[in-house]
Amino acid sequence: MNSQSSPAQPRPIHPPAPDAKVPELLAPAGGREAFLAALHAGADAVYLGLDQFNARSRARNFAIEDLAELLPLARQYGMKVLVAVNVVVKDTERRDLCELLARLEPLGVYALIIQDAGVLRLIRTHFPSFRLHASTQMALHNLEGVLEARRLGFRRVVLARELTAEEVRRLREHTPADTELEVFCHGSLCYAYSGLCLFSGAQDARSGNRGECAYTCREPYKILSEPGHGFLFSMKDLDTADAVDLWVRAGVDALKIEGRKKDAQYVATAVSLYRARLDALFGRPTLRAGAPLTAREFDAQPSQLHQFHDFTFHRAPTAFHVKGRYAENVIDLDEPSHKGALAGAIEAVEDRWIRLRSRVALSRHDGLRIDAPGVLYHAEPQHGSAGEPNAGAGGPTDPLQELEARYENLGLRFGIHGLKRDARAVYECPAEAEVWIEVPEGHPMPAPGDLVRKTRSDALRQQVDRLARPGAEERLRVLAPVETRIALEAMGQELRVAVAIHGPRGIIAREVLVAKAERPRGESRLPGILKDLFALYGEAGFESTRILVEGDTNFFIPPSLLKGLKQKLSSSLSPSLAALISHAANEALAAWAPSGAPAVADSTLGVKFDRLEILEALGRYMGEGPSLPIRELCFEPKRMFLGQANPAEGWARLTDAAAGMGAQLRLALPTVIRPWDAPHLKAWVRLALESPTPAFELGNLGALGLLRRLSPGGEIPKSASLATDFFLYALNAQASRFWGEQGFSIITLSVEDDRENLSSQLGRFPWDLARPRAILYKDTPLFIAEACSLTALHGGCPGSKACGYRTLEIENTKGERFTVAHEQCRSIVYGAAAYSIAERRPALEALGVRDFRVDFLTRPYGSEAALEILRRVDRGEAVADTHSAQFGRRLL
């Protein structure tokens, strides 16, 4: 059924249960102005990135010195600050990472949001004071994954955006309360699961898993396999303001607003919008005690806030899958960027002026965008077999040219400088008024009927500007949090006062004062004096967030002696802390030492595949007596290619084939396992567990958790051989060591990695725990997504009988071609050119690699094609029509 065939019925609002928790409102901060706007608008917490190691490297971000200045202000108002270290880290960056963590530790941030297993190991071993949150980049999307994250020490899991509210509710029911669940409620959406996008890295060496996304999902594409074109992967923006009750009903602990590349206006309006929604739902103010007064003053009505938000940066809205998997079309084929709020259609054009009746208030310095009113042709299911040229502000053009112009942001956009009403110049005009607007020189003139949209509001800018700077009573300065412990002990005629200042790594500074044990004439004021005096070490840049006084305080101590004691402490604090930071960084860096040595052995080959038909080609290859023999068959069972086939019969066929080749049979669990995927997999997992030598390949913590749950007694057999797939990223030796310590004996190296970094990592590899595996040939899954381009092309999900899960062949504006495969309702995109480094095998062998793999997944391979690829791999020859990704260049 087409989801857009009838108007949506109003959804009943679920009132919160009496004991319902108000979720934390977590705001993005891409720079200082956004940080202050979030604070003053009433966010409960902000998350931000530093200059390195965060998934929004092109945001303004923060130097550690900037963060150190802002943290005391956040503590003053009770706002938590979370720091994202949420990228995969290259081995060559190990020193920078250790130094960053050592410098960050004393600042007192609330938590770190991380993705990389090496970062996890480093923190658990060397910086255990950090509270850890599992980034959405870890693609945690099921109960098993959440429980595995909990087992590894994460206090909060940021769930994949693809989950429905009902799935989240079930996760909350079965997850212990000591593990928090966080969901994205608002902002930009990636087409692929976060952490599972390789498109940007494969095409431009700018890895989305390292904060360098090239936004290939926002590009226009032409469909070659049928009539059609559009922004096939450009997601609408997430907006769940009208579904906050579903999040509360699901029991989430935090609502996260995406947008670290967006400005203070976006942050302030989004925070205020969701605060208003929470207030309305709970029937009371939900703003935390201690929040700035400005948060209560910035209280426009929710309807106005939603409109204001249209002026900041917001594409067409979608609730994504929150209300259900097929509730709506989530892709905008027309537009890759925001349009703003519709003001109206142009009624007349005279000289450089346009006239319209504006639906929204306008003022000078507001931003406008003008577009032609026509509908672009996208697909045969929507528009038939041909499309009509479009016309408007830029003149007539064909749809593909218009799409490219929109991608390049070439449309008519300008700020208002001339505004008239009734032939008089005005500064502003109200909504529903007739107004004349001057089009600046140098811009093409639009035509009557073109649509005018307001993209920026100067009035909103003026409101937010005061939120985006420190208040009159607010001072920014560095004050690292410490705990001061004071112990008093009388020893005859002497009083011993020992003061120790503690940081996260223990004592930073310690001094002892010996004074005369003199009792006060009246009531002792010493406890208050000590707490006031040692509350702040301002010149040194420290503040006591906790002061403990122990012992008999009924004494008098001359103030001059106490001040002298404090001065000694203050003078030693900074150099002592610097020494501790340096020691911590060097100690962590030493963890990168190699262990063991590569085994002296012949190179062997494993083949991973998802269709049983490929076995014929494998048998023929082995019959030729290759120098690189197949010693492992790795099979990933997919319903799409197995249909109703009996798992026992399939497993028996695989077992016989493996035995005939003298190969190990390994079962690969899919990277994504949603609730509807698990029943199909269980039979295969149990068959593998019953084999004499069980072996598994896993590419997600959820797969590891599922295997653990299905194993006898909830423990994976010690006899089982475990291999990581490359989506359990290992771009540094610490990550490889971590996976080795988790029981994996094979670590599959990333297809995104470059030769320089591989050399660094393998030079420090934990050879005593595991062996590395390199993929020589593969159709890299550029996107793995639940968002469906077929749904967009049909104007809504038409059902499987109409879409047929058909494959789309597409092309971008550079002439590069790709395939969009639909494995039932999951989309997998791969390039016309596969990844291959078959001819680079000697270089990998020189680094100690002896375990290699070829993948035949998703793309249908005939027996002859597969056999030719295997022969070239065996001979160490380049495979035709392939690319080597970053192997010979540098991964950004």
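This is a predicted model: local features need pLDDT of at least 70, side-chain atom pairs count only at pLDDT 80 or more; totals for chains, interfaces and linings use all residues.
In the largest nonpolar core, which holds 216 residues, the members that touch the most others are Phe35, Leu112, Leu633 and Phe856. Helix H9 (residues 264-282) supplies the largest share of this core, with 11 residues.

**Nonpolar cores**
- Another core, of 41 residues, lies apart from the largest one and has Leu82, Cys197, Leu782 and Leu790 among its members.
- Beyond residues up to four places away in sequence, Leu633 touches a set that includes Val607, Phe609, Leu615, Leu618 and Leu654, and also Gln664 and Arg666.
- In soluble globular proteins, nonpolar side chains tend to be buried together.

**Helix H27**
- Helix H27 (residues 863-875) has 13 residues and reaches 18 Å from its first C-alpha to its last, close to the 18 Å expected at 1.5 Å a residue.
- Its buried residues are Ser863, Ala866, Leu867, Ile869, Leu870, Val873 and Asp874, and because they cover an arc of only 160° around the axis, they lie on the same side of H27.
- The cover over these buried residues includes strand S29 (604-609), helix H17 (615-623), strand S35 (771-778), helix H26 (841-846) and strand S41 (851-856).

**Phe231**
- Phe231 is placed in the loop between strand S9 (229-230) and strand S10 (237-239), and it counts as buried because its relative accessibility is 0%.
- Leaving aside neighbours within four places in sequence, the contacts of Phe231 include Arg218, Pro220, Ile331, Leu333, Pro336, Leu403 and Tyr407.

Technical notes
Residues are numbered from 1 along each chain as its sequence is written. Side-chain values use heavy atoms; hydrogens and water are left out. Helices (H or I, at least four residues) and strands (E, at least two) are DSSP runs, numbered from the N terminus. Buried means under 20% relative accessible area, exposed over 50%, partly exposed in between (1.4 Å probe, protein chains only). Contact means heavy atoms within 4.5 Å. A nonpolar core is a set of buried Ala, Val, Leu, Ile, Met, Phe, Trp, Tyr and Cys residues joined through side-chain atoms within 4.5 Å. The expected span of a helix is 1.5 Å times one less than its number of residues. The arc is that of the directions from the helix axis to the C-beta atoms.
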